[in-house]
Amino acid sequence: MQRVCFLLKVRPERLAEYRERHQNVWPEMREALSRTGWHNYTLFLRDNGLLVGYLETEDFEAAKKAMAETDVNARWQAEMAPFFEDLDGRPDEGMAPLTEVFHLD
């Protein structure tokens, strides 16, 4: 299983709304993530807007590609894009994985 961690930056003035939106992630979005291989997907958010994402998957590139092909992902990404700083395009396209340097099982 591949572990993936990435960072994004949420606009400070949109933090409350971002948190609220993630309290009610669309059921079809949750189902699509599961179906396309996104497991243990977790988002952490600091008060300064730093967003840390973590997931486990068999193949991150394949999981991203499969999600990119869903209608629900296109709709979700379009709604979420305005929440982020320093992002050209969709949030799912800005998820550059960090390099794992240590793991304790």
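**Sheet pairing and core packing in the predicted model**

Arg-3 has Glu-56 of S3 as its bridge partner. The structure described here is a predicted model. S1 and S3 run antiparallel and are joined by 8 bridges. The open sheet comprises 3 strands in the order S1-S3-S2, with antiparallel pairing.

The largest nonpolar core contains 24 residues, of which Leu-8, Tyr-18, Met-29, Trp-38 and Phe-84 touch the most other members. Two or more residues of this core are given by each of strand S1 (2–9), helix H1 (15–21), helix H2 (27–35), strand S3 (50–57), helix H3 (60–68) and helix H4 (71–80). When residues up to four places away in sequence are not counted, Tyr-18 touches Val-10, Leu-43, Leu-45, Leu-51, Met-80, Phe-83 and Phe-84.

In H4, the buried residues are Val-72, Asn-73, Trp-76, Gln-77 and Met-80. These residues lie on the same side of H4, because they cover an arc of only 125° around the axis. An α-helix has 3.6 residues a turn, so residues three or four places apart point the same way. The buried residues of H4 pack against H1, H2 and H3, whereas Asp-71 and Ala-78 are exposed on the other side of H4. The N-terminal end of H4 is capped by Thr-70, with a side-chain oxygen 3.2 Å from the backbone nitrogen of Asn-73.

Definitions and conventions
Residues are numbered from 1 along each chain as its sequence is written. This is a predicted model: local features need pLDDT of at least 70, side-chain atom pairs count only at pLDDT 80 or more; totals for chains, interfaces and linings use all residues. Side-chain values use heavy atoms; hydrogens and water are left out. A nonpolar core is a set of buried Ala, Val, Leu, Ile, Met, Phe, Trp, Tyr and Cys residues joined through side-chain atoms within 4.5 Å. Buried means under 20% relative accessible area, exposed over 50%, partly exposed in between (1.4 Å probe, protein chains only). Helices (H or I, at least four residues) and strands (E, at least two) are DSSP runs, numbered from the N terminus. Contact means heavy atoms within 4.5 Å. The arc is that of the directions from the helix axis to the C-beta atoms. A polar contact is a pair of N or O atoms within 3.5 Å; within protein, one must be able to donate a hydrogen and the other to accept it, and residues adjacent in sequence count only if both atoms are side-chain atoms. Two strands pair if DSSP finds at least two bridges between them.
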